[in-house]
There are 6 protein chains.
Amino acid sequence: MEKIAIYPGSFDPITNGHLDIIERGLNIFDKIIVAILCNPAKNPLFTVEERIDILKECFRDNHNIEIDSFGGLLVDYAAKKGAHAILRGMRAVSDFDYEFQLALMNRRLNRDVQTVFLMTGLRWIYISSSTVKEAARFGADIDELVPYIVNCKLKEKFGHSCK
Amino acid sequence: MEKIAIYPGSFDPITNGHLDIIERGLNIFDKIIVAILCNPAKNPLFTVEERIDILKECFRDNHNIEIDSFGGLLVDYAAKKGAHAILRGMRAVSDFDYEFQLALMNRRLNRDVQTVFLMTGLRWIYISSSTVKEAARFGADIDELVPYIVNCKLKEKFGHSCK
Amino acid sequence: MEKIAIYPGSFDPITNGHLDIIERGLNIFDKIIVAILCNPAKNPLFTVEERIDILKECFRDNHNIEIDSFGGLLVDYAAKKGAHAILRGMRAVSDFDYEFQLALMNRRLNRDVQTVFLMTGLRWIYISSSTVKEAARFGADIDELVPYIVNCKLKEKFGHSCK
Amino acid sequence: MEKIAIYPGSFDPITNGHLDIIERGLNIFDKIIVAILCNPAKNPLFTVEERIDILKECFRDNHNIEIDSFGGLLVDYAAKKGAHAILRGMRAVSDFDYEFQLALMNRRLNRDVQTVFLMTGLRWIYISSSTVKEAARFGADIDELVPYIVNCKLKEKFGHSCK
Amino acid sequence: MEKIAIYPGSFDPITNGHLDIIERGLNIFDKIIVAILCNPAKNPLFTVEERIDILKECFRDNHNIEIDSFGGLLVDYAAKKGAHAILRGMRAVSDFDYEFQLALMNRRLNRDVQTVFLMTGLRWIYISSSTVKEAARFGADIDELVPYIVNCKLKEKFGHSCK
Amino acid sequence: MEKIAIYPGSFDPITNGHLDIIERGLNIFDKIIVAILCNPAKNPLFTVEERIDILKECFRDNHNIEIDSFGGLLVDYAAKKGAHAILRGMRAVSDFDYEFQLALMNRRLNRDVQTVFLMTGLRWIYISSSTVKEAARFGADIDELVPYIVNCKLKEKFGHSCK
């Protein structure tokens, strides 16, 4: 049976930390669905469509990755996609409680979906979409922190030119 | 002397975790005042009046429970009500620092009011008003997580029908 | 019904932080049993008998305090003494997980005994029996951290003279 | 390719919390090797041989589980067994830092072995081999916390009779 | 070479906890630049100009303190001012992860600027600009928590009269 | 006035993480005294004399570093050496509470000595003397984690040959 995991997130934008988790996840799962959570309450930098385009560009040669977006309950989405696992990266202690609460709520709602945690690589341990955006806003050099396409898109958004 | 504790909170809405703390608290205190904090900055799902009605429904047969709402400083409210303790539930490490800061500030303002912490039962350890609301919004089955009246009110708010 | 709490610990020796919790506890409970845990595995500075003598000296004018020692399961001891609560002080986040594990295990063994947490006063937040012993060993001035009798006994143990 | 994970530990003794992680792990991996770490420095209650016998008894009908023991570096052992993952359960925040340090050291030593974290079920979140042993020592009823065989062996060790 | 540190923050308003860190910092550094971060996203109680005036009043006799404000990246600002260190106070565990993330991001952007952490004095460990503002809003007595000038300005804002 | 800091520790053995903190510290202080705590209770791998020799070898060309050992209270030792600061590295949240307790106790004993925390570089964030020793014991390659001299000494201790 094919082992499918959902990797949910905002990905606004995707960072090298996310890429690292996906790469590790492919050692465990046959297929990973990178799923953008459509959350109307948040005020994102990139639209869902822009984020889907960026993700498709990042993974265009990787046939084990599917790009998608979803609303509603994560466990319902997982069931619909035939996934039996939710993939999450953990970076630091402050992530832990939130992740636990989420995972326990999800398990209560659907016992057949496991939450699987992988550790973000040490180089990415304190990098997040927010810190990357803040640094990019002020013109800091972040090309080692995000994929090339994200670096360009961030420069575009903030009016700098892409190298 | 009658031992009275204030159990302050938003209760938007009350969950089984809150009920559990109140029930445990009644082993320690003679009377518990469940006090809704009126916080104009927040954007609640239920109005203060709706929340008072729900709480009154939940505790209508319990004569050791008083339902109330308050604004201003918690310690001033406690003094006015003749309470010598503030009751708080603790669920997880992430609660700890915030609770500590609050308790220390309150003690500095009024040394005669003790903050008393009880542990939420294991079944409720990762349940909060927010996760319950989010799950209910998408039609998830939460009847084991909240009192019957809350389950009905949430279904009403989100346009589902109450079983 | 008289409300009785057990305050268990090693008390090797008792510090002002412990005294502070006991004093706060007396605002909540009618009687507190300060109960020395007899743990043969540990290598204490003071014998159980010495610790009982010190505690009796500290609380000789306080008729709401009982001094005792116990072995075996805490919840069995609490039931035997007619106590419905276990009193614990919390100082810092690092205490939290251990206290939680203990409290949950105790609740599983006897559901009728509540664990009640009070906050140690800010002045005592980072004082423990161990740090007090280590400081006293090297002749540091700790008379503000422990009761007078403990200060004298520590000086005796470590060959300093009591002021 | 068969996906094999090592589940290392002391298992002195195995608890229902461990069983829960193994069961969840079998949803992700094709085979799990439950590997007892032979650590001469520790002073275990059960010998390695006794622990192997208990584990074999627990999993005798499960052909996806292998029971083994090892010394030396975990990553060397994993490589020798053809495993590409180390399975770990996480219960609480206090586990997190230690697990992280271990996982990062292991990754530095062998980049091809992933550490995969699963969450212990809520019922087992504050149960450990140590608390189980301590409760059993004083005759507490722990038959809901450990497999039947472990319950019997613990009663034997501590001179109680098995139900 | 003169050792200069930047002490960045919102200082909305400055509290005795901040003063304590600055005083300690002067034992380590020859000069400290207290730098108000201009963050248009936040909705402050005092304008940047008001905050600069308050800080100038607090430190008018101290020639080792410079008051300034800045926008953009902290490390760029530090480089411009010839500072080789960023001074941060730490109060509690919940500060830790955020501070770490910030410090690591800053180091990645400019390796020549060290982040130096000092511990807030125990008396100020749970005091923040937010709790001070909330207490002042309801007329609580906070004159021991903030400099005299801040106490007056807060009373002015909230329509109480300054003692 | 010359700014002197004590960097206390067991250094059994020194790792690249310690070197990293010392190097950062030299940006802040004029002189750092690396001081081995003589703790008879611990059972070290290297004797105090061996550790002094290793440290002298590591810092033989650095005239701002003094190597020493001490017993008794750290603050007394600091006063004797004319140091006004204690330098500590912080790696992870689990260090925080212990470090805080130590720093507060030290401050209470001598208010003129500041504890200054620097962040360990990300590469060393989960490396400690213990993990290094454990890895070396089993012949793992640790030459990137410790100075060359330590690598050789560890191989000697554990019967491997130095490259």
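1. Let's start with the open sheet of 10 strands, in the order E3(E)-E2(E)-E1(E)-E4(E)-E5(E)-E5(F)-E4(F)-E1(F)-E2(F)-E3(F), with mixed pairing. Strands are DSSP runs of E with at least two residues, helices are runs of H or I with at least four, and both are numbered from the N terminus; two strands pair if DSSP finds at least two bridges between them. At the edges stand E3 (65–70) of chain E and E3 (65–70) of chain F, each with a single partner strand, so one side of each has no neighbour in the sheet. From one strand to the next, the twist averages 35°.

2. A word on the basis: this is a predicted model, where local features need pLDDT of at least 70, side-chain atom pairs count only at pLDDT 80 or more, and totals for chains, interfaces and linings use all residues. Residues are numbered from 1 along each chain as its sequence is written, chains are lettered from A and ligands numbered from 1 in the order written, and side-chain values use heavy atoms, leaving out hydrogens and water.

3. Now look at strand E1 (residues 4–9) of chain F, where six of six residues are buried (under 20% relative accessible area, 1.4 Å probe, protein chains only). Ile4(F), Ile6(F) and Pro8(F) cover one side, with Ala5(F), Tyr7(F) and Gly9(F) on the other.

4. E1(F) runs parallel to E2 (residues 31–37) of chain F, joined by six bridges, and Ile4(F) stands opposite Lys31(F). E1(F) also pairs in the parallel sense with E4 (residues 85–90) of chain F over two bridges; there, Ala5(F) has Ala85(F) as its bridge partner.

How values were computed:
Axes are lines fitted to C-alpha atoms, for helices over the stretch in contact, and angles run from 0 to 180 degrees between N-to-C directions. Buried means under 20% relative accessible area, exposed over 50%, partly exposed in between (1.4 Å probe, protein chains only).
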